[in-house]
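Colleague: I have a model open and want to learn how to read it. Can we start with charged side chains?

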Amino acid sequence: MKKTTIMIAAVLFSTLTFAQETHEKDIPAKGVPAKVKEALQKQFPNAKEVKWEKENDKYEAAFDLNKADYSALFDVDGNLIETEVEIKLSELPNGVLAYIKTKYTGQKVKEAAKITDAKGTVTYEAEIKGKDLLFDSNGQFIKEIHD
């Protein structure tokens, strides 16, 4: 009986550990460096419903702002790397939807976003099944990223 109890405890422990490792990189706000939280507050003082993720050594805040879905990526020192805001498909640059229709026949765009890096360079993202397609501000294809 004692061995069975130990075995069950070991299986439960390993299952919980595995579940934590494979879960998204969500982290509680208390796990985010103060500099990063302060930078978010300074850049986006009206951000609502902030959720944090850790991406390698960077921190991403997903939040609502002015009824739009945003995300902001910061380094550990609180420097803003890029922002992303969800947009309507009609807001994608000319040619993006035509490109997708031609090169990704039968696939529909699930979401679209406008990405602005720290230098002010704007790119656009169109999400299709299992892939993110990146385009420059003129609608020219840049690259495909697999999810």
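Modeller: Start with the rule. A salt bridge is a side-chain nitrogen of Lys or Arg within 4 Å of a carboxyl oxygen of Asp or Glu. Keep in mind that this is a predicted model.

Colleague: How many salt bridges does that rule give here?

Modeller: Two. One of them joins the side chains of K35 and D77, at 3.8 Å from N to O. K35 lies in helix α2 (residues 34-43), and D77 sits in the loop between β4 (68-74) and β5, so the pair ties together parts that are 42 residues apart in sequence. D77 is partly exposed, at 45% relative accessibility.

Colleague: Which residue pairs with D57 in a salt bridge?

Modeller: K58 does, with the closest N and O atoms 3.3 Å apart. D57 is partly exposed, with a relative accessible area of 48%. K58 is partly exposed too, at 29%.

Colleague: Now the helix. How do I read its faces?

Modeller: Think in turns. An α-helix has 3.6 residues a turn, so residues three or four places apart point the same way. Now the case in hand. V36, A39 and L40 of α2 are buried. They cover an arc of only 100° around the axis, which puts them on the same side of α2.

Colleague: What do the buried residues of α2 pack against?

Modeller: Strands β2 (48-55), β3 (58-65) and β4.

Colleague: Which exposed residues are on the face turned away from the buried side of α2?

Modeller: E38 and K42.

Colleague: On to strands. What is the general idea?

Modeller: In a regular strand the side chains alternate between the two faces of the sheet. Take T83, in strand β5 (residues 80-87).

Colleague: Is T83 buried or exposed?

Modeller: Buried. Its relative accessible area is 16%, and the cut-off for buried is under 20%. Leaving aside neighbours within four places in sequence, T83 contacts F44, S71, A72, K114, I115 and T116.

Colleague: In which sense do β5 and β6 pair?

Modeller: Antiparallel, over six bridges, with β6 spanning residues 111-117. I87 has A112 of β6 as its bridge partner.

Colleague: How many bridges join β6 to β7?

Modeller: Six, and these two strands run antiparallel; β7 covers residues 122-128. T116 stands opposite V122 in β7.

Colleague: What do β6 and β7 form?

Modeller: A hairpin, with four residues between the strands. Look at G120 in the turn: its phi is positive, about 95°.

Note on methods
Residues numbered from 1 in each chain as written. Predicted model: local features only at pLDDT ≥ 70, side-chain atom pairs only at ≥ 80, totals over all residues. Heavy atoms only, no water. Buried < 20%, exposed > 50% of the residue type's maximum accessible area, 1.4 Å probe, protein only. Contact = heavy atoms within 4.5 Å. Pairing = 2+ DSSP bridges. Arc of directions from axis to C-beta.
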